[in-house]
Amino acid sequence: VLVCVCASRAVAMVQYVPARLASGEVSPQPDWTECTLILPAVSFGYVAQLASDLLLANVQATRVGFLYSPHILPLAGPSALADNNKLTTNVEVFFDQGRKLVVVQQRSFVRKQGRASFLEGLLQWLTACRFARTVVLTGTDAAQRNDAQLQGSPARFLATPSLQESATAPLLAAGVLPLEARPEAANAPQGIVLAGGGVARSLFLAACEKGLPLAVIAYFCSIGDNTQDARNLVLCLNDWLNIADKQATWRTPASWRFTYGSAVDAASFY
């Protein structure tokens, strides 16, 4: 049973719900003040969700809890990461203590009517956890690029003022370019255009106002098989954060096994 305390009638709330351990005890709230949070935005091509699954398949992260919000569409299904009897839900929180890495995996959309309230609650959670830095991953529509964005890396970044000084040089070295401002774009705050980028832009602008150390890494992509885009995004992230050995081979997540469905029986063609 979830007991939710709402800050207002608008239900501006995101609640962290700890998972139960194998012993049946509730997992204690970890101290994340020195940790990096990886947060995927449900976005174009689902590149961010694919990248999160790839990360989780290659680090020693344990599911420690869930994020609950009445504004996220409910979801439940079999485990997406391994062949076990654990249930996958709409938003799960994983923690790799050795790497000081927290990875959130969000698998369902935020209701349009509740988007503002969800963002407010998410910002409250980020502020309360006091992560050393938050990295928002997102996909954005490659067809909406301007001429300048057709060249170079398909990865772009935004960084809040509190993170910009320490993050800019490593991100450039990782092949991630600053997102070009597009002042000609109508209804684009600060000229930031992330077509299909989900909540990434709104979260970035709100983090700037609140002084949170947050970066957005966006990847230009098209609709289709986006697993390679996810690999490229994770490689950029790894070049910046040194999550894993840069020469290591990244294991394919179990959830990618049936990207094209099950194998076709050759006898069907005779």
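This is a predicted model: local features need pLDDT of at least 70, side-chain atom pairs count only at pLDDT 80 or more; totals for chains, interfaces and linings use all residues.
Trainee: Let's start with Arg 156. Why is Arg 156 called buried?

Mentor: Buried means under 20% relative accessible area. Arg 156 has 1% relative accessibility, so it counts as buried.

Trainee: Where is Arg 156, and what does it touch?

Mentor: Arg 156 is in strand 9, residues 155-159. Leaving aside residues up to four places away in sequence, its contacts include Ala 148, Gln 149, Val 176, Leu 177, Val 216, Ile 217 and Phe 220. Glu 180 is on that list too.

Trainee: What makes Arg 156 and Glu 180 a salt bridge?

Mentor: The rule asks for a side-chain nitrogen of Lys or Arg within 4 Å of a carboxyl oxygen of Asp or Glu. In this pair the closest N and O atoms are 3.0 Å apart, so by that cut-off it is a salt bridge. The two partners come from distant parts of the chain: Glu 180 sits in the loop between strand 10 and helix 4, Arg 156 sits in strand 9, and they are 24 residues apart.

Trainee: What else does the side chain of Arg 156 have beside it?

Mentor: A polar atom of that side chain lies 2.3 Å from the backbone oxygen of Ser 153.

Trainee: Back to salt bridges. How many does the rule count?

Mentor: The count comes to 5 salt bridges. One of them joins the side chains of Arg 107 and Asp 53, with N to O at 2.8 Å. Arg 107 is in the loop between strand 7 and helix 2, Asp 53 is in helix 1, and 54 residues separate them.

Trainee: What makes Arg 63 and Glu 92 a salt bridge?

Mentor: Their closest N and O atoms are 2.6 Å apart, and the cut-off is 4 Å. Arg 63 lies in strand 3 and Glu 92 in strand 6, so the pair ties together parts 29 residues apart in sequence. As for cover, Glu 92 is at 3% relative accessibility, which means it counts as buried.

Trainee: Why can such side chains pair at all?

Mentor: Side chains of opposite charge can pair when their charged atoms come close.

Trainee: What about helix 5: what is its span, and what covers its buried residues?

Mentor: Helix 5, residues 227-241, also has its length given as 15 residues, and it reaches 21 Å from first C-alpha to last, close to the expected 21 Å. Its buried residues include Ala 230, Leu 233, Leu 237 and Trp 240. The cover includes strand 2, helix 1, strand 8, strand 9, helix 3 and strand 11. Helix 5 is followed by Asn 242, with a positive phi near 55°.

Trainee: Which loop holds Lys 100, and why is Lys 100 called partly exposed?

Mentor: Lys 100 is in the loop between strand 6 and strand 7. Its relative accessibility is 40%, so it counts as partly exposed. Its phi is positive, about 55°, although it is not a glycine.

Trainee: And why is Gln 190 called exposed?

Mentor: Exposed means over 50%, and Gln 190 is at 61% relative accessibility, so it counts as exposed. Gln 190 is in the loop between strand 10 and helix 4, and its phi is near 55°, a positive value in a residue other than glycine.

Trainee: Last one: which residues make the nonpolar surface patch?

Mentor: Tyr 46, Leu 73 and Phe 109 make that patch, about 300 Å². Leu 73 lies in the loop between strand 3 and strand 4, and at 38% relative accessibility it counts as partly exposed.

How values were computed
Residues are numbered from 1 along each chain as its sequence is written. Side-chain values use heavy atoms; hydrogens and water are left out. Helices (H or I, at least four residues) and strands (E, at least two) are DSSP runs, numbered from the N terminus. Buried means under 20% relative accessible area, exposed over 50%, partly exposed in between (1.4 Å probe, protein chains only). A polar contact is a pair of N or O atoms within 3.5 Å; within protein, one must be able to donate a hydrogen and the other to accept it, and residues adjacent in sequence count only if both atoms are side-chain atoms. Contact means heavy atoms within 4.5 Å. The expected span of a helix is 1.5 Å times one less than its number of residues. Patches are made of residues with over 30% relative accessible area and no salt bridge: like charges are joined within 9 Å, nonpolar side chains (Val, Leu, Ile, Met, Phe, Trp, Tyr) within 5 Å. Accessible areas come from the Shrake-Rupley method with a 1.4 Å probe; for residues, only the protein chains shown count as cover.
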